[in-house]
Amino acid sequence: MRINRIKNIYNRYRTLLSFTALGVIIGGFILYLRGRAEDFTLLLRLSGWNIAILVICSLIFKVIWGYIFKVLMFFFEKKLRFREWFGLANIAVMTNYFLPAKGGLVALAVYLKKIYSLRYTDFISSMTGFYAITFLVNAVAGMVLSVTALKST
């Protein structure tokens, strides 16, 4: 009974609540910017070209990560659309900024469980294999580049 009353109040004032929440977030962001202004002055020293390169590299990283994720889900016979695999990659990256360790993987696991009924154990095993292969490839590439750099000096 009480939940229905709260739901009715929310539905009636949804727009007002949304704008209030947006105002609080923007106000908090402005307060943060004022307190940390010296940190953001460093950004003004960057050239537009450098910022464009950073944005493009970030976008490429997210596309590659999302496509790898799409291929991993293909093994479980789950066909993800572009909006899903690219969106999930972005959600995972953003969640990792806010939660420690690999919080983004939790968001992915919950989404896949809810939408595709993918078991958590299947998800964990696929991601464990993915990270093992990634570490192996990075280690080999690092050794090859180290030997190349050593020989060139």
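Me: How many nonpolar, polar and charged residues are in the lining of the largest pocket?

Reply: Keep in mind that this is a predicted model. The largest pocket has a volume of about 240 Å³, and 14 residues line this pocket, those closest to its centre being Phe61, Trp65, Lys102, Phe130 and Tyr131. Sorted by class, the lining has three polar residues, one charged residue and ten nonpolar residues.

Me: Which elements give two or more residues to the lining of the largest pocket?

Reply: The pocket in question has a volume of about 240 Å³, and the residues closest to its centre include Trp65 and Phe130. Going by the elements that give two or more residues to this lining, the list is helix 4, helix 5 (82-98), helix 6 (103-116) and helix 7 (120-152).

Me: Which helix gives the largest share of the nonpolar patch?

Reply: The nonpolar surface patch covers about 630 Å² and is made by Tyr32, Phe40, Leu43, Leu46, Ile51, Leu54 and Val55. At least two of the patch residues are supplied by each of helix 3 (37-45) and helix 4 (48-74). The largest share, three residues, comes from helix 4.

Me: Which two residues meet in a salt bridge, and at what N to O distance?

Reply: When the whole structure is searched, one salt bridge is found. A pair counts when a side-chain nitrogen of Lys or Arg is within 4 Å of a carboxyl oxygen of Asp or Glu, and the side chains that meet in this way are those of Asp122 and Arg119, with an N to O distance of 3.0 Å.

Me: Is Asp122 buried or exposed?

Reply: The side chain of Asp122 meets that of Arg119 in the salt bridge, and Arg119 is partly exposed, with a relative accessible area of 48%. For Asp122 the relative accessibility is 18%, and because the cut-off for buried is under 20%, the word for Asp122 is buried.

Me: Where is Glu77, a residue with a positive phi although it is not a glycine?

Reply: Glu77 has a phi of about 60 degrees, and with a relative accessible area of 74% this residue is exposed.

Me: What is the phi of Ser117, a residue other than glycine?

Reply: Ser117 lies in the loop between helix 6 and helix 7, and its relative accessible area of 56% makes this residue exposed. Its phi is a positive value, near 55 degrees.

Me: What separates the C-alpha atoms of Lys78 and Trp65?

Reply: Lys78 is found in the loop between helix 4 and helix 5, and at 19% relative accessibility this lysine counts as buried. Lys78 and Trp65 are 13 residues apart along the chain, and the separation of their C-alpha atoms is 17 Å.

Me: What separates the C-alpha atoms of Ala107 and Arg2?

Reply: Ala107 has its place in helix 6 and counts as partly exposed, at 27% relative accessibility. Along the chain, Ala107 and Arg2 are 105 residues apart, and their C-alpha atoms are separated by 30 Å.

Technical notes. Residues are numbered from 1 along each chain as its sequence is written. This is a predicted model: local features need pLDDT of at least 70, side-chain atom pairs count only at pLDDT 80 or more; totals for chains, interfaces and linings use all residues. Side-chain values use heavy atoms; hydrogens and water are left out. Patches are made of residues with over 30% relative accessible area and no salt bridge: like charges are joined within 9 Å, nonpolar side chains (Val, Leu, Ile, Met, Phe, Trp, Tyr) within 5 Å. Accessible areas come from the Shrake-Rupley method with a 1.4 Å probe; for residues, only the protein chains shown count as cover. Helices (H or I, at least four residues) and strands (E, at least two) are DSSP runs, numbered from the N terminus. On a 1 Å grid over the protein atoms alone, a cavity is a set of points where a 1.4 Å probe fits but cannot get out, and a pocket is an open set with protein on both sides within 12 Å along at least five of seven lines; lining residues have an atom within 4 Å of a point. Grid points are joined across faces, edges and corners, and a volume is the space filled by probe spheres set on the points. Ala, Val, Leu, Ile, Met, Phe, Trp, Tyr, Cys and Pro count as nonpolar, Asp, Glu, Lys and Arg as charged, and the others, Gly among them, as polar. Buried means under 20% relative accessible area, exposed over 50%, partly exposed in between (1.4 Å probe, protein chains only).
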